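Visitor: I have a structure open and would like to learn how to read it. Could we go through it together?

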Amino acid sequence: MPSHSEYAERLRNADLRVTRPRVAVLDAVSALPHADTDTIVGAVRAGLPEVSRQAIYDVLRALTSAGLVRRIQPSGHVARYESRVGDNHHHVVCRSCGIIADVDCAVGEAPCLTPSDPQGFVLDEAEVIYWGLCVDCSSPRTSGSRP
């Protein structure tokens, strides 16, 4: 886990002021990969109870805009945040329990997948979400039933 000074350096490098809420949000997102906003709010408020929910939303927006965190939102799910940025990785989502995990790039370098006709776009990223059942949800239960 990065230290307070590493978070401060990341913020400065992104031309953002170093504030306690920003450091706390970076720490929460790093500690809780793919956490939703409510989970991040709870983690931040555990150490900084005076920080408002709106302030945390504003910090998440600023950190996402600066490229320090990544916002993902699989179809039918709330937005999630992660600190793994800049490597064009993908995600797997369990259809049953909703758990999300990282998957490295499908093939080669960004954008990993190249469409047959990019319509004149200069591509730099591909967002891929794989869907299925996680190990826990796909394993037979003692009762013999599946979710």
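Visitor: Which residues in α2 are buried?

Guide: First, a word on what you see. This is a predicted model, where local features need pLDDT of at least 70 and side-chain atom pairs count only at pLDDT 80 or more, while totals for chains, interfaces and linings use all residues. Residues are numbered from 1 along each chain as its sequence is written, and side-chain values use heavy atoms, with hydrogens and water left out. Buried means under 20% relative accessible area, exposed over 50%, and partly exposed in between, using a 1.4 Å probe and protein chains only. In α2, the buried residues are Arg 22, Val 23, Ala 24, Val 25, Leu 26, Ala 28, Val 29 and Ser 30.

Visitor: What covers the buried residues of α2?

Guide: Contact means heavy atoms within 4.5 Å. The cover includes α1 (4-13), α3 (37-47), α4 (53-65) and β3 (80-82).

Visitor: How many helices and strands does the protein chain have?

Guide: Helices (H or I, at least four residues) and strands (E, at least two) are DSSP runs, numbered from the N terminus. The protein chain has five helices and six strands, and along the sequence they follow the pattern α-α-β-α-α-β-β-β-β-β-α. Of its 147 residues, 34% count as buried.

Visitor: How do I read the length of a helix, and what caps the N-terminal end of α2?

Guide: The expected span is 1.5 Å times one less than the number of residues. Helix α2 (residues 20-31) has 12 residues and reaches 16 Å from its first C-alpha to its last, close to the 16 Å expected. The cap at its N-terminal end is Thr 19, with a side-chain oxygen 3.2 Å from the backbone nitrogen of Arg 22.

Visitor: At what angle do the axes of α2 and α4 cross?

Guide: Axes are lines fitted to C-alpha atoms, for helices over the stretch in contact, and angles run from 0 to 180 degrees between N-to-C directions. The axes of α2 and α4 cross at roughly 75° and come within 10 Å. Angles under 35 degrees count as roughly parallel, over 145 as roughly antiparallel, 65 to 115 as roughly perpendicular and the rest as oblique. The two helices, α2 and α4, are therefore roughly perpendicular to each other. On the α2 side, Pro 21, Arg 22, Val 25, Leu 26 and Val 29 make the contact, and on the α4 side Ile 56, Val 59, Leu 60 and Leu 63 do.

Visitor: What order do the strands have in the open sheet of three strands?

Guide: Strands of a sheet pair through backbone hydrogen bonds, either parallel or antiparallel. Two strands pair if DSSP finds at least two bridges between them. Here the order is β1-β3-β2, with antiparallel pairing. β1 (35-36) and β2 (70-72) are at the edges with a single partner strand each, so one side of each has no neighbour in the sheet. Three bridges pair β2 with β3, and Ile 72 stands opposite Arg 80 in β3.

Visitor: Is Arg 80 buried or exposed?

Guide: Arg 80 counts as buried, at 18% relative accessibility. A polar contact is a pair of N or O atoms within 3.5 Å; within protein, one must be able to donate a hydrogen and the other to accept it, and residues adjacent in sequence count only if both atoms are side-chain atoms. The side chain of Arg 80 reaches the backbone oxygen of His 34 at 3.0 Å.

Visitor: Which side chains does a polar contact join to Glu 82?

Guide: Glu 82 lies in strand β3 and is buried, with a relative accessible area of 2%. Its side chain has a polar contact of 2.9 Å with that of His 34 and one of 3.0 Å with that of His 91. Leaving aside neighbours within four places in sequence, Glu 82 is also in contact with residues including Val 29, Val 69 and Asp 102.

Visitor: How many bridges join β4 to β5?

Guide: Four bridges join β4 (residues 90-94) to β5 (residues 100-103), and these strands run antiparallel. His 90 stands opposite Val 103 in β5. The hairpin has five residues between the strands, and Gly 98 takes a positive phi near 85° there.
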